Every structure is written in C-alpha cells, then in structure tokens.
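Here is a short report on one protein chain. Keep the structure in view and check each point as you read.

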Amino acid sequence: AEWCSPLPHRCGMAIRSIRVARAYRELCRAAAETFAADRLAQRALRMQTATALRQNGLQMKEDDMVNDLRSGTDFVRYEIVQASYQPESDRYKAHLRQDLIQRGTIDLQPPPDPVTGKVPEI
C-alpha cells in the first residue's frame, strides 16, 4: 500500500511509504507531547521535516528515512525539556514530563537570555 503526504507538494516529490508515514506520525506525536503549549514549535518541526523528506526522498533509502525519523522522535521525546519564561521572577520554569523523570538524570542547562538569545556560561 502506498501513502502520499497530505501536505502541499511545494518542495519536490511526495513520500509514498507506509513505514515513513508511520515514523513521521510518531515524530508529530512526540512534538505534540513535548511542545504541548507551543503550537508554533510543533508546526515548524512538522513542516521542516516534511520539506526535508520531500527534498531528499529520491536520494535516501526508505530504511534511512525511517531510521532518521525514529532518531528525531527519540531526540524530541527524551532530550528536549520545554520551559516557559516567567517575567515576574525573571526566570524559566521547566515543564518536566513523567516519562523524562523515569528515564533518570535530567541535566538542565541554563536557558538563553530572552533578549540576546545567548546561553550564559556556567
């Protein structure tokens, strides 16, 4: 069975693989969990990934696409902690999910300065 991406075909070929579609869907689910309060981040991740898949679809093997998507899904799911800036305290609040806590050590690096975007040195 074939699958064709529902996104507009602006960047080349459509991906026609059930396995790639499933892996992409899992990445989208991970983004929805990790960036629950940040719809723009979710959308950007989905759109950039779909664009990259279309642009590289002819050069990559299906297994490579699936493996890259799974790797990206694991990264989004287990390596990113969503935080929100709290202007009243001039600090960030980390939003830790239970699945991250259960995996073990969480190494929270200092967030970038909201004005300059630079990460402070430790």
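Of the 122 residues of the chain, 25% count as buried. Buried means under 20% relative accessible area, exposed means over 50%, and partly exposed lies in between (1.4 Å probe, protein chains only). This is a predicted model: local features need pLDDT of at least 70, side-chain atom pairs count only at pLDDT 80 or more, and totals for chains, interfaces and linings use all residues. Residues are numbered from 1 along each chain as its sequence is written, and side-chain values use heavy atoms, with hydrogens and water left out.

**Overall layout**

The chain has four helices and two strands. Along the sequence their pattern is α-α-α-β-β-α. Helices (H or I, at least four residues) and strands (E, at least two) are DSSP runs, numbered from the N terminus. Now look at contacts between residues at least 6 apart in sequence: 47% of them join residues at least 24 apart. Contact means heavy atoms within 4.5 Å.

**Helices H1 and H3**

Two packed helices are described by the angle between their axes and the distance between the axes. The axes of H1 (residues 18-34) and H3 (residues 62-78) come within 9 Å and cross at roughly 10°. Axes are lines fitted to C-alpha atoms, for helices over the stretch in contact, and angles run from 0 to 180 degrees between N-to-C directions. H1 and H3 are therefore roughly parallel to each other. The cut-offs are under 35 degrees for roughly parallel, over 145 for roughly antiparallel and 65 to 115 for roughly perpendicular, with the rest oblique.

Which residues meet? On the H1 side they include Val-20, Ala-23, Tyr-24 and Leu-27, and on the H3 side they include Met-65, Val-66, Leu-69 and Val-76. By class, the contact of H1 with H3 has 10 nonpolar, three polar and seven charged residues. Here Ala, Val, Leu, Ile, Met, Phe, Trp, Tyr, Cys and Pro count as nonpolar, Asp, Glu, Lys and Arg as charged, and the others, Gly among them, as polar.

| Pair | Apart in sequence | C-alpha to C-alpha |
|---|---|---|
| Asp-74 and Leu-27 | 47 residues | 8.2 Å |
| Arg-77 and Arg-29 | 48 residues | 9.1 Å |

Asp-74 belongs to H3. It is partly exposed, with a relative accessible area of 42%. Arg-77 is also found in H3, but at 14% relative accessibility Arg-77 counts as buried.

The 17 residues of H3 should span 24 Å at 1.5 Å a residue, and its end C-alpha atoms are 24 Å apart, which agrees. The expected span is 1.5 Å times one less than the number of residues. The buried residues of H3 are Met-65, Val-66, Leu-69, Thr-73, Val-76 and Arg-77. They cover an arc of only 95° around the axis, which puts them on the same side of H3. The arc is that of the directions from the helix axis to the C-beta atoms.

**Helix H2**

Where are the buried residues of H2? They are Gln-42, Thr-49, Ala-50, Leu-53 and Arg-54. Seen down the axis of H2, they fall within an arc of 135°, so they line one face of the helix. H1 and H3 are among what covers them. The face turned away from the buried side carries the exposed residues Leu-40 and Gln-48.

**A loop residue**

Asp-90 sits in the loop between strand E1 (82-86) and strand E2 (91-95). Phi of Asp-90 is near 55°, a positive value in a residue other than glycine. Most residues other than glycine have a negative phi. At 55% relative accessibility, Asp-90 counts as exposed.
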